[in-house]
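Visitor: Please take me through one part of this model closely. I would like the salt bridges, and then whatever local features deserve a look beside them.

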Amino acid sequence: MSTYDLIVIGAGPGGYVCAIRAAQLGLKVACVEGRETLGGTCLNVGCIPSKALLHTSHMAHEAHENFAKMGLNVGNVDIDWQKMQGYKAETVGGNTKGIEFLFKKNKIDWLKGWATIEAPGKVKVGDTTHETKNVVIATGSVPSALKGVTVDNDAGIIVDSTGVLALPKIPASMVVIGAGVIGLELGSVYARLGTQVTVVEYLDAITPGMDAEVQKQFQKILTKQGLKFVLGAAVSGVETAEGKARVSYTLRKDNSDQALEAEVVLVATGRRPYVEGLGLDKLGVAMTDRGYVKVDGHWATSVPGIYAIGDAAPGPMLAHKAEDEGMAVAEVIAGKHGHVNYDVIPGVIYTMPEVAAVGLTEEAAKADGRKIKVGKFPFMGNARAKAVMQADGFVKLIADAETDRILGCHIIGPNAGEMIHEVCVAMEFGAAAQDLALTCHAHPTTSEAVREAALACGDGAIHV
């Protein structure tokens with residue numbers, strides 16, 4: 001039996017980052033992971049493999065749609081799905097092996113298997129019980145189930161976000177249930193590869209919770225790319241027969257029953273915390289009504305010595321939120337001060353164009369009774385975006401009307417996921433829109449659009 005200062009359960013972005021930071025702070029650390037590889041859902045069957053397919057499918061789209069316009073005559077582009085899957089696997093392997101290297105470098109023990117917390121300070125993995133001063137639950141999340149729909153990834157007809165990454169072939173048609181981040185990213189992958197994709201969403205707008213102008217522009221762009229949308233539709237069931245699926249749904253506006261047929265149905269209706277098998281009920285760990293582990297401002301649970309972070313704890317289910325919490329809770333356990341600014345956590349959708357957001361939307365700010373000013377700049381006025389044929393979209397900056405302090409930013413356009421961090425840093429330091437407006441930006445870059453949006457919060461943008 002081994003004794004540790006900290007045992008982290010789960011080696012996803014929250015867990016492995018927590019383990020590394022704690023080891024850097026001088027603690028003796030172990031991390032429990034039952035997968036054959038480290039990295040959790042994100043690196044193995046989530047963020048990283050999906051981004052690999054998003055990249056390759058975008059390259060295919062560029063070859064089909066834009067290469068000839070730029071004078072690159074490559075002829076017809078042949079898509080080799082198996083090689084594409086190989087590229088995805090190679091990308092995943094490189095990243096997961098990198099985490100294994102970091103564990104060895106930081107002298108972190110990988111306890112291979114699944115954990116049960118037998119009591120505070122006692123974690124059982126397999127037949128061995130390990131003693132520890134502290135436990136961090138970083139077990140992540142799994143796809144949410146949808147009533148009336150049975151997912152079977154092995155059959156390859158009704159799949160979730162894991163199964164859709166490894167379909168045996170590119171389907172001719174696909175229905176995506178859910179117009180959130182996962183559904184739109186993976187739906188756009190297959191749409192670029194020639195699949196007829198129809199997205200069915202219960203609400204009346206895509207990407208729930210995002211800025212309303214972004215929602216409308218985003219749907220318009222995706223529609224132009226070939227995706228079809230059925231909004232305000234409540235899915236009642238999915239049946240399979242003869243290698244195809246039939247999706248039944250009711251349109252909420254008129255209560256009419258409708259149906260769609262497709263080769264593949266992707267169920268992308270969100271995710272739920274995964275804490276099964278840990279023994280939390282027996283320990284008396286308090287849970288929220290939605291199945292999260294309840295934590296205080298220092299990520300401590302109701303049981304002393306046990307903490308929870310990432311998707312297992314309340315808050316946005318984002319890998320970088322989990323990483324921030326992982327570092328912060330490691331600092332707390334090491335006797336230092338850990339902090340996460342939940343008002344400055346960006347969200348990104350990695351379609352093309354990308355969508356990125358941080359802080360308040362215009363709607364949320366007004367609902368909160370704030371007096372605001374909005375600066376907006378279209379990428380059509382940005383020379384770099386036009387040069388690379390990605391001039392759709394805009395940057396929208398929300399600032400306090402009296403103090404000029406930046407409250408939020410919403411970007412739909414090229415490199416949005418990179419550009420949003422300029423605004424994150426500005427918000428972290430309490431910057432005003434004028435601070436961004438007076439900061440010199442290199443030309444030609446797409447980041448100039450952020451500066452122009454900041455200028456629009458004052459006397460006006462230049463290039464529009």
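Guide: What follows starts with the charged pairs and then turns to a loop, its surroundings and a few backbone features. The model is predicted.

Start with the total. The count of salt bridges comes to 17. Side chains of opposite charge can pair when their charged atoms come close.

Take Lys396 and Glu362. They form a salt bridge, and the closest N and O atoms are 2.6 Å apart. The pair ties together distant parts of the chain. Lys396 sits in strand E21, residues 394-400. Glu362 sits in helix H9, residues 362-367. Lys396 has a relative accessible area of 0%, so it counts as buried. Glu362 has 15%, and because buried means under 20%, Glu362 is buried as well. This pair does not stand alone. Salt bridges with shared partners join Asp211, Glu213, Glu362, Lys366, Lys376 and Lys396 into one network.

Now Lys321 and Glu325. This salt bridge has its closest N and O atoms 3.2 Å apart. Both residues belong to helix H8, which covers residues 319-333. They are four residues apart, about one turn of the helix. Lys321 and Glu325 are both buried.

Arg272 has 36% relative accessibility, so it is partly exposed. Glu276 has a relative accessible area of 41%, so it too falls in the partly exposed class.

Next, the loop between strand E18 (347-349) and strand E19 (354-359). Pro353 is placed there. The peptide bond that leads from Met352 to Pro353 is cis, with omega near 5 degrees. Met352 also has a partner elsewhere in the chain. His58 is in contact with Met352 and with Arg192, leaving aside neighbours of His58 within four places in sequence. His58 itself lies in helix H3, residues 47-65. At 9% relative accessibility, His58 is buried.

Tyr350 is placed in the loop between E18 and E19 too. Its relative accessible area is 34%, so Tyr350 is partly exposed. Not counting residues up to four places away in sequence, Tyr350 touches Lys51, Leu54 and Glu185. Asp459 gives a reference point across the model. The C-alpha atoms of Tyr350 and Asp459 are separated by 33 Å, and these residues are 109 apart along the chain.

Backbone geometry comes next. Most residues other than glycine have a negative phi, and most peptide bonds are trans. The bond from Met352 to Pro353 is cis, as noted. The bond from His443 to Pro444 is also cis, with omega near 0 degrees. Pro444 lies in the loop between helix H12 (433-437) and helix H13 (448-456).

Two residues have a positive phi to look at. Glu242 is not a glycine, yet its phi is about 55 degrees. Glu242 lies in the loop between strand E12 (233-241) and strand E13 (244-251). With a relative accessible area of 85%, Glu242 is exposed. Asn255 is not a glycine either, and its phi is positive at about 65 degrees. Asn255 lies in the loop between E13 and strand E14 (256-262). Its relative accessible area is 62%, so Asn255 is exposed.

Finish with a helix pair. Helix H1 spans residues 13-24, and helix H4 spans residues 81-105. Their axes come within 10 Å and cross at roughly 25 degrees. Angles under 35 degrees count as roughly parallel, so H1 is roughly parallel to H4. The crossing of H1 and H4 is left-handed. On the H1 side, the contact uses Tyr16, Ala19 and Ile20. They meet Ile99, Leu102 and Phe103 in H4. The residues of this contact divide into six nonpolar, no polar and no charged.

Notes. Residues are numbered from 1 along each chain as its sequence is written. This is a predicted model: local features need pLDDT of at least 70, side-chain atom pairs count only at pLDDT 80 or more; totals for chains, interfaces and linings use all residues. Side-chain values use heavy atoms; hydrogens and water are left out. Axes are lines fitted to C-alpha atoms, for helices over the stretch in contact, and angles run from 0 to 180 degrees between N-to-C directions. Angles under 35 degrees count as roughly parallel, over 145 as roughly antiparallel, 65 to 115 as roughly perpendicular and the rest as oblique. A crossing is left-handed if the near helix is turned anticlockwise from the far one by less than a right angle, and right-handed if clockwise. Contact means heavy atoms within 4.5 Å. Ala, Val, Leu, Ile, Met, Phe, Trp, Tyr, Cys and Pro count as nonpolar, Asp, Glu, Lys and Arg as charged, and the others, Gly among them, as polar. A salt bridge is a side-chain nitrogen of Lys or Arg within 4 Å of a carboxyl oxygen of Asp or Glu. Buried means under 20% relative accessible area, exposed over 50%, partly exposed in between (1.4 Å probe, protein chains only).
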